[in-house]
Amino acid sequence: MRKRVVSLALITAMAFSLTGCGMFNTLLGLSNDKPTSFKDVNDLESGNAYVWHHEGGKIEEDLKKASDKNVFFTCITGNYNFKKKELEEVTEYPRSIWIDTSTDSKIPTVMAGDYLLYVHDETVPESIVFERFADYGYTIGISNMQADMGGHYYLMFADVEDDDYKYFIDMESDASELTKLGVISKLYLDKVGNMRVDKDSVSDGGTVLNLKKDKTYTCEFYTGTYYQDFSLKANIHSFGSFERFVSYDYEFMHSNVIAIKIPDYFVSGYYFVNGVGLFRYVSDTDAKAYNGEAYDPNINWNEPMILYNEDGTVLYDPSDPDSNKPNIDDISDPGDYGDVDINVPIEVEEKEEDASGGSS
């Protein structure tokens, strides 16, 4: 990867240039050695989003003085393939977030009674963008694979530029070793361990399913017809862009933070708030079932909220006040209307009568 040396003054200037246009500061991201939980609201950094969670506590008290335990938790970013395009609605490549298994436990959870907070020392956001990401569980560090006409899966490797792979490979994972291969347009993945890579083992986000967390697999890639074996570890919690909502609802908290209201129509899922960090939302209906871990396969994190017609147009968007949710009859296919004849003819074998008038 190309490395550039940028002065601290330049980074600061770039950061301040973004604050006046209504977006959150995305350049002062978290480094691996920075803390992600805090006791004191005054320790929260400008330009970041946080979750307040204090069982049995009151946020008003924790905003006035430091708590005796950590109650503010950073919405982390992990590694993602849309840097400097955090708030763009349409991009050329699928948007992915990759968080390694040593970090995914730091994704904060918002449940009833918790608060989603934002801190900035200069601006208040003009809007709140919630980009929802589908959870594809644990996998190796590649995403967005596509199927050819024969059902074989590949990732775009260098179709236009030499570094196109960065949109499909988590460059902070061991899958970055794949970039040592020669320049090819498509890199096929045929097997992971003993499992064939096909429609039954690939997610909607083009990630490999059914892998055991942190287990290392021999992966059989193909450059042309030549196979290349790589040992890759399933230590990536993978997410793919799913839905997008805009809200304007927040509350001043008589402190250095504002509280962002979670829309009432939200269902359990993962949300990237205004391009600065990811949080996990657990709805009231799933609260009792949630295992409290970084990943819970028993909860449907990917239940769609936006419904589409067959032609791809939006049928229902809960964030649109003029959109009405259809009932089950409107979105199901009742078949052709008309009378149904339930009289089914049954053949009955006639018995011959004998000479005495009886039947034989």
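Select S96 and G240 together. G240, in β15, is the bridge partner of S96. You are looking at a predicted model. S96 itself belongs to strand β5, which covers residues 96–100.

**Around S96**

Stay on S96. Is it buried or exposed? S96 is buried, because its relative accessible area is 1%, and the cut-off for buried is under 20%. The side chains of S96 and N144 make a polar contact at 3.0 Å.

Next, bring up the surroundings of S96, skipping its neighbours within four places in sequence. The residues in contact are:

- N79, Y80, N81 and F82
- F133
- S143 and N144
- F239

**Along the sheet**

Switch to cartoon and select β5 with β15, residues 236–247. Five bridges link the two strands, and the pairing is antiparallel.

Now colour the whole sheet. Which order do the strands take? The order is β4-β5-β15-β8-β18-β19-β6. That makes seven strands in an open sheet with mixed pairing. Go to the edges: β4 (79–80) and β6 (109–110) each have a single partner strand, so one side of each has no neighbour in the sheet. Strands in a sheet pair through backbone hydrogen bonds, in either a parallel or an antiparallel sense.

Move on to β18, residues 269–273, and β19, residues 277–281. Five bridges join them, and they run antiparallel.

A probe the size of a water molecule, rolled over the atoms, shows where empty space remains. Centre the view on V110, M111, D114, K261 and I262. Of the lining residues, these lie nearest the centre of the second largest pocket. The lining comprises 20 residues, and the space inside is about 320 Å³.

Which strands each supply at least two residues of this lining? Select β7 (115–119), β16 (250–252) and β17 (258–260).

Finally, colour the lining by residue class. Twelve residues are nonpolar, six are charged and two are polar. Among those nearest the centre, find D114 and K261; Asp and Lys count as charged. V110, M111 and I262 sit there as well; Val, Met and Ile count as nonpolar.

How values were computed:
Residues numbered from 1 in each chain as written. Predicted model: local features only at pLDDT ≥ 70, side-chain atom pairs only at ≥ 80, totals over all residues. Heavy atoms only, no water. Helix = DSSP H or I, 4+ residues; strand = E, 2+ residues; numbered from the N terminus. Buried < 20%, exposed > 50% of the residue type's maximum accessible area, 1.4 Å probe, protein only. Polar contact = N/O pair within 3.5 Å; in protein donor to acceptor, adjacent residues only side chain to side chain. Contact = heavy atoms within 4.5 Å. 1 Å grid on protein atoms, 1.4 Å probe; cavity = no way out; pocket = protein on both sides within 12 Å on 5 of 7 lines; lining within 4 Å. Points joined across faces, edges and corners; volume = space filled by probe spheres on them. Pairing = 2+ DSSP bridges.
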